Structures are given as C-alpha cells and as structure tokens.
Amino acid sequence: MKCVLMNKNTEVLVAEYNEISKFFDKIYEVNNIDYAPYILKSFYIKDEINDTPFRTNLSEWFKGRGIPSWRDKLDLLLLRLNITAPYELLDKAFGLSLSDQYWLKPEDSDISYDDINFFDNDFDYAEFMEASLSTNSKTITNETSLKTPNNTTDGMLKKAWIIDNGIRYLLKGGYKNETLQPFNEALASEICKRLGFNHVEYTIDTYKDTVVSKCPCFINKETELITCYQIRNDMKRHDSIEDYEEYIKKLEENGIENAREKVENMYILDFLIMNEDRHLNNFGIIRDVNTLKWLDVAPIFDNGQSLNIEYYDEEELHISGCGRLFYEVKPFDEIIKVVKNIKRIDISMLDGVVEWFDELLHKYQYLTGYSDKRILRLCILLNRQINKLKKLIEQ
Ligand SMILES: Nc1ncnc2c1ncn2[C@@H]1O[C@H](COP(=O)(O)OP(=O)(O)OP(=O)(O)O)[C@@H](O)[C@H]1O
Ligand SMILES: [Mg+2]
C-alpha cells in the first residue's frame, strides 16, 4: 500500500508499506525530514533514501511502536486478542499513539488527523483493558476493540489506556505476581509533589481484584515524547559520566531551561526509592510537533521498579541493588554524585512520607496480601534512603 508517514498534519515521506510484513519496501520521496521521528533523522542521506540504513530503520522504528515481545504475559494477551503477534496490531489504527503524533495515511485517502487521533476521538477500551489486566478474560470479538492506542504502547508491564471523564489515563499492573509497582509509582508521585519535581501523577486504582497505577497522558495533540534513547542514538557512547554530560549539553543547546537540575531531580528520586530501571526509554524530552521546539524535560515517569522489588525475602532485609546512569549500572550512592548542589533540596518536605507510604500499603493489604513484616521492611528501606540523603545534604 502506498502511504504517507504523517507527523500530525505534516507529510514526512511517501513509501510503499507492506501490510503483511509491516516493512517499508520502498521510499518514494521524503518531503519533510525534520518532522520525521527523531531517531530516523541521523540515518537520512538525501538521494540515497532506499540504499542507506534509512529505509531499514524506518521499518524498525515502526515495528518498535508495537507491544514489545517482552511484555509480561504476552502469550495470554495475544490469545485473548485472537492474534499471533503484536505487529498484527500495528496498522489497525493507522499506527497512532498517545505518546506522539505519527500515523500512516493511505495515499489515496482523504482521512484527516482530526478525524482519527486518539486525543480527541474516543476508543473502545473495555475489552483490551480486560484482556490485558484481568485474570480471567474472554477472547475479544469486537474488531473495534483492536483500534486503540494500546497497539502502540511500549514497556514490559501489562497496561491499558482508558478514558475517564474525557481524560486519557494509562493503567499499569505489576510484573508477574508482583504488585508493588503501582505502590512505588504512587510513592514516587508523593515524593515528587513534596519536593517540587515535575512528574506524572500516579494514583492507585483497582481493576476487578487487581491493583493498578493510574496516570494521565502527559502528551497532548501539540507534543511528542522523545526518549533519551532516541536522542543519544547518534551520539558517541562513552560508558562513563560523559554520556550524561553530553545529554545535558544537548538539552541545553536545544533551549531547555534548567535541564541539568530537572534531570538531577530524576536521579534524586531514584536514590530515594532505589529505582533500578532508569533505562534510556524511561526519560526524555517533550517536543512541539508543530514548531519542533524542544519544550521541556519530560515529567518523571515509570518509577515502579524500586524498593528492592525483586529481592524481597521474608527472612532478611536486602538492601542491595543498583541504579542506572545511562549505560552503566552503579550503586545509588555513586549515581547521586551527579547532583551538583544537593543542598537545594528541602528534605524536611519528606517528613511524614514514610508514614504516608505505610498507611497506603496497609490500606490495600486486603488485596495485596503483604505481610506486616514486608510493609515494615519497605518502610525501613525508604526511611533509610531519606536519612542517607539528609546526611549528604548536611555534609
Ligand atoms: N502518561 C503517559 N503519557 C504518555 N505516554 C506514556 C505515559 N506513560 C507511559 N507512556 C509511554 O508508554 C511507554 C511505556 O510506559 P512505561 O514506561 O510506564 O511502561 P513499563 O512497562 O513500566 O516500561 P518498562 O519496560 O520500562 O518497565 C513509555 O515509554 C512512554 O513512551
Ligand atoms: Mg518504561
């Protein structure tokens, strides 16, 4: 099918899209390379669009929009959706997403972005939500249930986009039988709120008997998320602090105000909750899709893999675990050193946050089945990190 890759209302390129393989077999012309997905731009060489990695990377990028092969309980989800692979979903809704504005327009159609985007146009989310988050769900029978932004969500955790009072929210579950992720997300939001860090607000919700986190979409029709992974893709890799410094420099060069402080805030949060999963797709920037201006650092999101989630042991308190600083995995005590002036943090704002977390965990104990001991241990870990940060500030 001949189609146009669109960025909202801007034509990026015209290509032959193979609906079976989901690859782009040929690129006819590139109209606006600046409006292409950020990661593609560096592969573009004028007059060589079909012979360079550009075309392959276009296909890779498009396939990468789908639900990843490492999504928790993917086999079950596929069975319930009555499909054999996530990529079958890719073009069911023009490839649209709620994290950016790219879509595939059949060349002979006069369909417009306004008619189809998921920010304005409602979608049938009930069946996908059930298939993704429920423990016992039927097979989807309604084809419109496959025309949702869920076709283009990344990430390991079971998740579903829903609409509540007109607002688009992402619901996220835990990994396998673990249920701590939603609580960690809620804790992260509470800490960010108290410390004044720009963040995505996660609250606890329940779907049937499953605890989930719920957060509003932080992208709107004028914006897109560009992750650090995309930004760093054409930059030299050092496997050292240089990677971090170059990223900050790039953000500053593109006019993001207080970029360093904002990225530091994310590492302060990671220190406090011992977040192990700050990989390069878990942070980034927001770009205006009309002007291409870099607007801001993306609000802090995806903080669930924290508080030693994988190492809980009823017998002893584990306090190991490392965080991530770009391509390196390092102890949290090392990573926190990127913060130039830790004294700017008013740690007294965290007074009472451990009690707040304790209460939250107890409130949902009837669903999670956490023992009092586990809750106590989680609170000890949090308290310990807060005290460590206090000491660093007082030094
Ligand atoms: N509130 C939101 N608004 C818009 N896009 C979002 C939002 N939350 C997440 N996303 C997008 O969805 C992707 C997956 O979400 P998230 O990182 O929270 O999931 P995850 O399963 O925890 O990921 P991981 O595999 O890193 O553990 C994000 O990388 C981002 O592109
Ligand atoms: Mg993520």
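A salt bridge is a side-chain nitrogen of Lys or Arg within 4 Å of a carboxyl oxygen of Asp or Glu. The model is predicted, so local features need pLDDT of at least 70 and side-chain atom pairs count only at pLDDT 80 or more, while totals for chains, interfaces and linings use all residues. Residues are numbered from 1 along each chain as its sequence is written, chains are lettered from A and ligands numbered from 1 in the order in which they are written, and side-chain values use heavy atoms, with hydrogens and water left out.

The structure holds 27 salt bridges. One of them joins the side chains of aspartate 72 and lysine 158, at 3.0 Å from N to O. This pair links distant parts of the chain, 86 residues apart: aspartate 72 is in the loop between α2 (53–63) and α3 (74–81), and lysine 158 is in the loop between α5 (126–133) and β5 (159–164). Helices (H or I, at least four residues) and strands (E, at least two) are DSSP runs, numbered from the N terminus.

By an automatic or database domain assignment, the chain is divided into domain 1 (2–63), domain 2 (74–88 + 113–216) and domain 3 (223–394). The C-alpha centres of domain 2 and domain 3 lie 22 Å apart. In contact (heavy atoms within 4.5 Å) are 27 residues of domain 2 and 36 residues of domain 3. The area buried between these two domains is about 2700 Å², of which carbon and sulfur atoms give 69%; buried area is the accessible area (1.4 Å probe) that two parts lose on being put together, summed over both.

Two salt bridges are counted between domain 2 and domain 3. Aspartate 302 and lysine 172 also meet through their side chains in a salt bridge, with 3.1 Å from N to O.

| Residue | Ligand 1 atom | Distance |
|---|---|---|
| serine 99 | nitrogen | 2.9 Å |
| lysine 172 | oxygen | 2.7 Å |
| histidine 279 | oxygen | 2.7 Å |

Definitions and conventions
A polar contact is a pair of N or O atoms within 3.5 Å; within protein, one must be able to donate a hydrogen and the other to accept it, and residues adjacent in sequence count only if both atoms are side-chain atoms.
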